[in-house]
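Visitor: I am new to this structure and would like to understand the words used for its parts. Could we take them one at a time?

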Number of protein chains: 2
Amino acid sequence: MTASVLTVEGGITAPLGFQSAALHCGIKKSELDLVLLTANSPIPAAGLFTTNLVRAAPVILSQQNLKKSGGHARGIVVNSGCANACTGAKGWENAQQTAITAARALGCQSHEILLASTGVIGVDLPIELTTAGIKTAATALTRDESEAASRAIMTTDPFPKEHAVTIQTKTGTFTVGGMAKGSGMIEPMMATMLGFLTTDAQVPPALLQQALNEVADKTFNAITVDGDCSTNDSLFALASGASDVVINDSNYQALLKGLQIVSKHLAMEIVRGGEGATKLVAITVSDAKSKDEARRVARTVANSLLVKTAVHGADPNWGRILAAAGRSGVTFNPSLATVSVGGVLLFEHGMPHDEASSKAGLHLQGDTIEIEVGLGLKSGFSATVWTCDLSAEYVRINGEYRT
Amino acid sequence: MTASVLTVEGGITAPLGFQSAALHCGIKKSELDLVLLTANSPIPAAGLFTTNLVRAAPVILSQQNLKKSGGHARGIVVNSGCANACTGAKGWENAQQTAITAARALGCQSHEILLASTGVIGVDLPIELTTAGIKTAATALTRDESEAASRAIMTTDPFPKEHAVTIQTKTGTFTVGGMAKGSGMIEPMMATMLGFLTTDAQVPPALLQQALNEVADKTFNAITVDGDCSTNDSLFALASGASDVVINDSNYQALLKGLQIVSKHLAMEIVRGGEGATKLVAITVSDAKSKDEARRVARTVANSLLVKTAVHGADPNWGRILAAAGRSGVTFNPSLATVSVGGVLLFEHGMPHDEASSKAGLHLQGDTIEIEVGLGLKSGFSATVWTCDLSAEYVRINGEYRT
């Protein structure tokens, strides 16, 4: 089954059945810092959360609520400026209070509310301000303010990130929308990735979770800015069903396609907006024994400081790429391996193609870089990981912001 | 058995029975680039080599020769300026030729020669220059030029690294010497760590290898500059026996102590001389389930860009330290964990000690930083990993050297 795709305006509220409100409640000094995203009733919801052992209160509460509700939610409260992480019993109470306030304002159960927070770690959420903000937001819900929502979840992201597409299938048209914030540092603590996907397709909770897992695997989980993984990372999907397109085996691929396009767009924007990033780098590893091994090699290359700085300096340094692959823990025969940059073969049969170096160097002067590593197992598996270059600006942002 | 230790001059030739010569043979433009280190006859030798799948020809040849000789060597040829890595069949021939030349000059078997190369990857070793250099070096061997040797193995190391100690035991006095080069970038390729240890204690090959493994574990293998691991990393130990102190069960600890002191000194110098490094950072993880788990957490914290930049900026950012520990793959209870910086407790019982922040910040302004993470398992295992901070200078050295 083929599905035709059209990019549309409207971000997270482009799909039917969703409303949002964004406002400044006072967590930050003057910028937008609170978003309420709602459906008209409790609808199927899915979530993916940080694998860090250290999880913020809103992460733990969202995981519990999804379980309690059997994968349903009426709304999501997102705040920026405070991560509500490492805040002990008080942090947990504040998270519960936030959910209760939103549930009362929307007329639902508190376990039908999901939470996401991003910002300073180890600082208490100003609960009076948040409570007042939620009450106001609940009276200001609209389909026309997705852009404000995508701004209100930012920390030091250089630009807001939202996207939406309609998917035409034989059984009807549905829409997928989304917004995300990336690995922007917020003084004085750490980065958080948050992602929100909405669709008006009708998808049962278990299938929505399956689709979210599949899509995240190739998009949000295939990007890396600095290899760090936060206490608050969360990705949510909500399905309102308002388009009346029922997702089943015959059109599941169309749902995947819609979620994938929106997620890929947002994930690439997160990398482009990485701290100090000047280049988007796609690292594709092919001819591997398994998809996992291909991804492991790609991730090791992506997180190599020597590779990231070489890309920043437009240096076609195949030696650093090969050496990163060689220490990934994946077994391969280096003399069968190949390294290409921008489609230019720089290394094969255990030796360099020095004559190709300047052509690869030209490619590296662009802002979208392709690195390919072949592991020599013909018709093997492949995987792509996206990252950004490492610039002195990254060090300045992360090391010198207090000065 | 206690052993008293005295620091002495003389580096790798401080122990009896060793000679060295260092010269400029023409691999580099004008600096010293070749070292010949010899014993008077084939003596017990041990080696530890890169775990990277991509290994340079001299690494492979040294591994083969140690096997063939049953752990004996007459001499080591070290060159800087060319890694002889990723150079195919010609690279292998050049390595063999180097060993043959040295063996003829010294009057031994070619498998009694060990090799180490550091420098540009993917470039052929200028074999005529190297051959001529070895012949000249063999006529210039002396006990008085260890400092020149420690300079000749440098690439972009900011300073040479050598150390030596005498160990007094009940059964006599022996000496341990050493030199190393660190993770300095050489245009246009990558970093290599090389280490050379000598002793005039009498140690059988198997015991020497065991001692080298034990000592490397706590020194050279417990440091990390950027997590990258090169094609050429090698560590050698040679035991001449010239002191007549025989190492056995009763004084094995004294040998370990000597090797450990010299290795620790050199390893710390490598970190201090790391690219762009301004601070030496010791990360100690305690109260872990096993030594391996403690080390895994310490290494994850040590390689976290967010931690390294925070240290550079003198920011007592316990959140980044805790979050790095939390993503290490090691299981622990965050609410039992503690984080201290410079002995100042910043996090315990799941919450921060904000009042201690400025005191920890003062410690971070120094050049020797202590970070401690407790995993909450009382009387558990601990491990220390040393690293350096991440500065904008690192990015400049590794990304912009072509401009």
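Guide: Let us begin with pairing: two strands pair if DSSP finds at least two bridges between them. In this model, which is a predicted one, seven strands of chain A form an open sheet in the order 9-16-11-15-12-13-14, with mixed pairing.

Visitor: What makes strand 9 and strand 14 of chain A the edge strands?

Guide: Strand 9 and strand 14 (351–352) of chain A each pair on one side only, and that is what the word edge refers to here.

Visitor: How do you know that strand 9 of chain A pairs with strand 16 of chain A?

Guide: The requirement is at least two bridges, and two bridges join strand 9 of chain A to strand 16 (residues 381–388) of chain A, the two running parallel; the pairing therefore meets the requirement. Within strand 16 of chain A, Trp386(A) is the bridge partner of Ile223(A).

Visitor: Which domains does chain A have, and how far apart are their C-alpha centres?

Guide: The domain assignment gives domain 1 (4–272) and domain 2 (280–399) of chain A, and their C-alpha centres lie 33 Å apart. Ten residues of domain 1 of chain A are in contact with eleven residues of domain 2 of chain A. On the side of domain 1 of chain A that touches domain 2 of chain A, strand 9 (223–224) and helix 6 (252–272) of chain A each supply at least two residues, and helix 6 of chain A gives the most, with four residues. The residues of that side of domain 1 of chain A divide into seven nonpolar, two polar and one charged.

Visitor: How do you know that the radius of gyration of chain A agrees with that of a compact globule?

Guide: For 403 residues, a compact globule would have a radius of gyration near 22 Å, and chain A has 22 Å, so the value agrees with the rule. Along its principal axes, the C-alpha trace of chain A spans about 70 × 60 × 35 Å, and buried residues make up 64% of the 403 residues in chain A.

Visitor: Why is Thr50(A) called buried?

Guide: A residue is buried if 20 or more other C-beta atoms lie within 10 Å of its own; Thr50(A) has 22 within that distance, and is therefore buried. Thr50(A) has its place in the loop between strand 3 and helix 1 of chain A. Leaving out residues up to four places away in sequence, Thr50(A) touches several residues, among them Arg55(A), Val59(A) and Thr231(A). Thr50(A) and Thr231(A) are 181 residues apart in sequence, yet 6.5 Å apart in space, C-alpha to C-alpha.

Visitor: How do you know that the span of helix 1 of chain A is close to the expected one?

Guide: Helix 1 (residues 57–68) of chain A has twelve residues and reaches 16 Å from its first C-alpha to its last, while 16 Å is expected at 1.5 Å a residue. The buried residues of helix 1 of chain A include Val59(A), Leu61(A) and Leu66(A), and what covers the buried residues includes strand 3 (34–49) and helix 2 (88–106) of chain A. Just after helix 1 of chain A, Gly70(A) takes a positive phi of about 60°.

Visitor: What makes strand 4 of chain B largely enclosed by the rest of the structure?

Guide: Eleven of the eleven residues of strand 4 (residues 72–82) of chain B are buried, so this strand is largely enclosed. Strand 4 of chain B pairs with strand 3 (residues 34–49) of chain B in the antiparallel sense over seven bridges, and Ile43(B) stands opposite Ala73(B) in strand 4 of chain B. Eight bridges join strand 4 of chain B to strand 5 (residues 113–120) of chain B, and these two run parallel; in strand 5 of chain B, Ser117(B) is the bridge partner of Asn79(B).

Visitor: Why is the phi of Asn84(B) worth a remark?

Guide: Most residues other than glycine have a negative phi. Asn84(B) has a positive phi of about 45° although it is not a glycine, and Cys86(B), also a residue other than glycine, has a positive phi near 55°. Asn84(B) is found in the loop between strand 4 and helix 2 (88–106) of chain B, and Cys86(B) has its place in the loop between strand 4 and helix 2 of chain B.

Visitor: Are Asn84(B) and Cys86(B) buried or exposed?

Guide: With the cut-off at 20 or more other C-beta atoms within 10 Å, Asn84(B), which has 32, is buried, and Cys86(B), which has 26, is buried.

Definitions and conventions: Residues are numbered from 1 along each chain as its sequence is written. Chains are lettered from A and ligands numbered from 1 in the order in which they are written. This is a predicted model: local features need pLDDT of at least 70, side-chain atom pairs count only at pLDDT 80 or more; totals for chains, interfaces and linings use all residues. The radius of gyration is taken over C-alpha atoms; the globule rule is 2.2 Å times the number of residues to the power 0.38. A residue is buried if 20 or more other C-beta atoms lie within 10 Å of its own, exposed if 12 or fewer, and partly exposed in between; C-beta atoms are placed from the backbone. The expected span of a helix is 1.5 Å times one less than its number of residues. Two residues are in contact if their C-beta atoms, placed from the backbone, lie within 7 Å. Domain bounds come from an automatic or database domain assignment. Ala, Val, Leu, Ile, Met, Phe, Trp, Tyr, Cys and Pro count as nonpolar, Asp, Glu, Lys and Arg as charged, and the others, Gly among them, as polar.
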